[in-house]
Amino acid sequence: PKRDPGEKFPWRLLADSGLGEWVPPARITENEPILTLGHISDDVRGLQIALADFGYGIPVTGTFDEITCDVVTAFQRHFRPAKVDGIADGSTLRTLHKLLERRLW
């Protein structure tokens, strides 16, 4: 599978030059609900739909499986590099939704 260069790559600089997308990552806060391996829910389904809408090739199953973890990790490496752990926390979800909202403009 294709891997992005990673969290140390200057993604923002590239976006500022007109290549790619970027929004400031949402602040990481403690005690927020998280989605992680093994969760099965409509929230996981919503996460998978949002990632698919953004362009990630991810099946929408409602189960937070290894594929979902890998996609969340890839998203974090690019758009929320301060904490890359494959866990869909509030910061990850808010950053993803900011990117999707930006596309609607």
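Mentor: Leu51 has a relative accessible area of 1%, so Leu51 counts as buried (under 20% is buried, over 50% exposed and anything in between partly exposed, with a 1.4 Å probe and protein chains only). Leu51 belongs to helix 2. Helices here are DSSP runs of H or I with at least four residues, strands are E runs of at least two, and numbering starts at the N terminus.

First, the ground rules. The model is predicted, so local features need pLDDT of at least 70 and side-chain atom pairs pLDDT 80 or more, while totals for chains, interfaces and linings use all residues. Numbering runs from 1 along each chain as its sequence is written, and side-chain values use heavy atoms, without hydrogens or water.

Now the neighbours of Leu51. Residues up to four places away in sequence are set aside; Leu51 then touches Tyr56, Ile58, Val71, Val72, Phe75 and Leu96. Contact means heavy atoms within 4.5 Å. Leu93 sits 42 residues from Leu51 along the chain, and their C-alpha atoms are separated by 9.7 Å.

Take helix 4 to begin with. The axes of helix 2 and helix 4 come within 10 Å and cross at roughly 45 degrees. Such axes are lines fitted to C-alpha atoms, for helices over the stretch in contact, with angles from 0 to 180 degrees between N-to-C directions. Helix 2 and helix 4 are therefore oblique (under 35 degrees is roughly parallel, over 145 roughly antiparallel, 65 to 115 roughly perpendicular and the rest oblique). Their crossing is left-handed: the near helix is turned anticlockwise from the far one by less than a right angle, whereas clockwise would be right-handed.

Next, helix 3. Helix 2 and helix 3 pack at about 55 degrees, and their axes are 11 Å apart. This pair is therefore oblique too. The crossing of helix 2 and helix 3 is left-handed.

Gln48 deserves a look. Gln48 is in helix 2. Gln48 has a relative accessible area of 0% and is buried. Beyond four places in sequence, Gln48 touches Ile58, Pro59, Val60, Thr61, Gly62, Thr63 and Thr68.

Cys69 is buried at 14% relative accessibility. Past four places in sequence, Cys69 contacts Leu37, Phe64 and Gly86. Gly86 is 17 residues from Cys69 in sequence, yet the C-alpha atoms are 4.9 Å apart.

Charged pairs come next. The count is 3 salt bridges, each a side-chain nitrogen of Lys or Arg within 4 Å of a carboxyl oxygen of Asp or Glu. One of them joins Glu32 and Arg94, at 2.5 Å from N to O. Glu32 lies in the loop between helix 1 (11–16) and helix 2 (42–54) and Arg94 in helix 4 (residues 90–104), so this pair ties together parts 62 residues apart in sequence. Glu32 is partly exposed at 24%, and Arg94 is partly exposed at 34%. Arg80 and Asp89 form another, with N and O 3.0 Å apart. Arg80 is buried at 1% and Asp89 is buried at 6%. Lys83 pairs with Asp85, the closest N and O atoms being 3.9 Å apart. Asp85 is partly exposed at 29%; Lys83 is partly exposed at 34%.

Finally, step back to the whole chain. The protein has 4 helices and 0 strands, in the order α-α-α-α. Of its 105 residues, 35% are buried. Among contacts with a separation of 6 or more, 54% link residues 24 or more positions apart. The accessible surface is about 6,400 Å², and carbon and sulfur atoms hold 57% of that. These areas come from the Shrake-Rupley method with a 1.4 Å probe; for residues, only the protein chains shown count as cover.
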